[in-house]
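Work through the exercises below with the sequence and the model side by side. Try each task before you read its solution.

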Number of protein chains: 2
Amino acid sequence: MRAVQTDLTGRARLRDAAIEGFAAQGFDESLRTIAARAGVSAGLVRHHFGSKEALRAECDATVLDRYRTLKAESIQRSPAQLFAAFPSAKGSGILLVYILRSVREGGSAGREFIEALVAEALMLTREAVDRGLVVPSRDEEARVRLLVYQAVGALVVRMTMNPTTALDDFQAVTEQFYTDTMLPTLELFTEGLLTDRSYLEQYLQQGGSLHHPTAGPAGQSPPR
Amino acid sequence: MRAVQTDLTGRARLRDAAIEGFAAQGFDESLRTIAARAGVSAGLVRHHFGSKEALRAECDATVLDRYRTLKAESIQRSPAQLFAAFPSAKGSGILLVYILRSVREGGSAGREFIEALVAEALMLTREAVDRGLVVPSRDEEARVRLLVYQAVGALVVRMTMNPTTALDDFQAVTEQFYTDTMLPTLELFTEGLLTDRSYLEQYLQQGGSLHHPTAGPAGQSPPR
DNA sequence: TAGCAGACTACTCGCATGTATAGTCACTGG
DNA sequence: CCAGTGACTATACATGCGAGTAGTCTGCTA
């Protein structure tokens, strides 16, 4: 199999052009536009991938793989990574936008990514709780899932709130987000929001029974 | 002008069918399908609205208007409304899904809605701070914006995470979300997440530029 | 009752898309 | 030298879309 050589010339260029186009313009980007971006004809997509769906699947896999690699590289960097949940990567801007678009679209790639984030954050949080850095929760998985949904969702909302800036400089956008977000996030995480505990305790006394407690230690409950 | 009678028969039925279809299937729902849902022909859309874009605009306006009405009705209900930011309405399920789809899509309707939520939450929060219920923030608007983005974004992510359930029973979905979310939200709001203040104070000492090395003034006005 | 206005339908057009087919070109191994 | 393999293109479908047009039906009004 000479996939290496092949992967370096035509096929990979087409795939990367597709990733770029999907991230910049959305997944409705036409095959002709993608092919033009790669400098080839549209029919070549079919020749290499068979269908647009297959191309999309390969793009998803590539992006997820690259994200994992990037994440593995940038692990244990700054304490802020705990809140960020995303690698403060140099060239990961396109990856981030691609993933956010996937989540927004509701495809399996987006779901997969969210679940990976949840699992990862759950590990990190439990470790941080054991080390006494983070306040323990009565339902660790529910808290982590909420935090991940909120973090990713805030990025998605933010992306839709200023759709113009996303195209030019991916990295600048994400950095801008962190600078805008860091202060209130830190405030909320260290000082909370409410001054007294009455709401929480009231909920625990009367409404706690409505909540389903996660009994199993490693059991993964379905996404909510 | 007999707009009333007209509005009750053809045009309104078409518009409501469009709202329903947009909420259930997304804004790519074709005019033919919408017309079929309303029990009329596709050409009638053009006759009444002129274009699909105009129909969409009218749907947006209608939904926003209905949301405002619903919100005004359900104001000052339970304390949980402070976190919810959405009316726990009886029949507002379609409205909610429609709005979430708008936000997800990035249209002007979604932006408008988010801005309305931010302004409203800003008022409520300032009032709550004055009454001593909520911890004050060093940048009230930034905190409120973050909270709104997170709240709406979490709903969007949740919607994309289980796309099947959204269609059948709108209200059940939103209620399920609240029950899943309430405990960790209350925990986070009353107990925070971090055990000590070192991260926050470190950030405050560095002049508020942990990620962005270029130390700029904290003033920010445009939606970020 | 005549006629007119508007709601409504059936049909068509142009366009963009994904898919499929046939063919061209370059390189490579025997 | 020369088949043959695979990357690649040009072109042609088939489909679904929004938009446009012409005409029919209905109900009100003078």
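This is a predicted model: local features need pLDDT of at least 70, side-chain atom pairs count only at pLDDT 80 or more; totals for chains, interfaces and linings use all residues.

Residues are numbered from 1 along each chain as its sequence is written, chains are lettered from A and ligands numbered from 1 in the order in which they are written, and side-chain values use heavy atoms, with hydrogens and water left out.

**Exercise 1. Describe the fold of chain A.**

Step 1. Take the secondary structure. Helices (H or I, at least four residues) and strands (E, at least two) are DSSP runs, numbered from the N terminus. Chain A has 12 helices and 0 strands.

Step 2. Check burial. Buried means under 20% relative accessible area, exposed over 50%, and partly exposed in between (1.4 Å probe, protein chains only). Chain A has 224 residues, and 50% of them count as buried.

Step 3. Look at contacts, meaning heavy atoms within 4.5 Å. Take those in chain A between residues at least 6 apart in sequence: 64% join residues at least 24 apart.

Step 4. Accessible areas come from the Shrake-Rupley method with a 1.4 Å probe; for residues, only the protein chains shown count as cover. Chain A exposes about 11,000 Å², with 54% of it from carbon and sulfur atoms.

**Exercise 2. Characterize the contact between chain B and chain A.**

Step 1. Count the residues. Chain B gives 62 and chain A gives 64.

Step 2. State the buried area, which is the accessible area (1.4 Å probe) that two parts lose on being put together, summed over both. Here it is about 6,600 Å², and 68% of it lies on carbon and sulfur atoms.

Step 3. Count the salt bridges. The rule asks for a side-chain nitrogen of Lys or Arg within 4 Å of a carboxyl oxygen of Asp or Glu. Between chain B and chain A there are 6 salt bridges. Over all chains the count is 30.

Step 4. Find the elements on the side of chain B that touches chain A. Those giving two or more residues are helix 6 (93–105), helix 7 (108–130), helix 8 (140–161), helix 10 (170–191) and helix 11 (198–205) of chain B. Helix 10 of chain B gives the most, with 14 residues.

Step 5. Sort that side by class.

**Exercise 3. Which residues form salt bridges with B:R138?**

Step 1. A:E187 pairs with B:R138, with the closest N and O atoms 2.7 Å apart. The pair runs from helix 11 (residues 170–191) of chain A to the loop between helix 7 and helix 8 of chain B.

Step 2. A:E191 also meets B:R138 in a salt bridge, at 3.0 Å, N to O.

Step 3. A:E187 is buried, at 2% relative accessibility. B:R138 is partly exposed, at 41%.

**Exercise 4. Is A:E29 buried or exposed, and what is its salt-bridge partner?**

Step 1. The partner is A:R37, at 2.9 Å, N to O.

Step 2. A:E29 counts as buried because its relative accessibility is 9%. A:R37 counts as partly exposed because its value is 34%.
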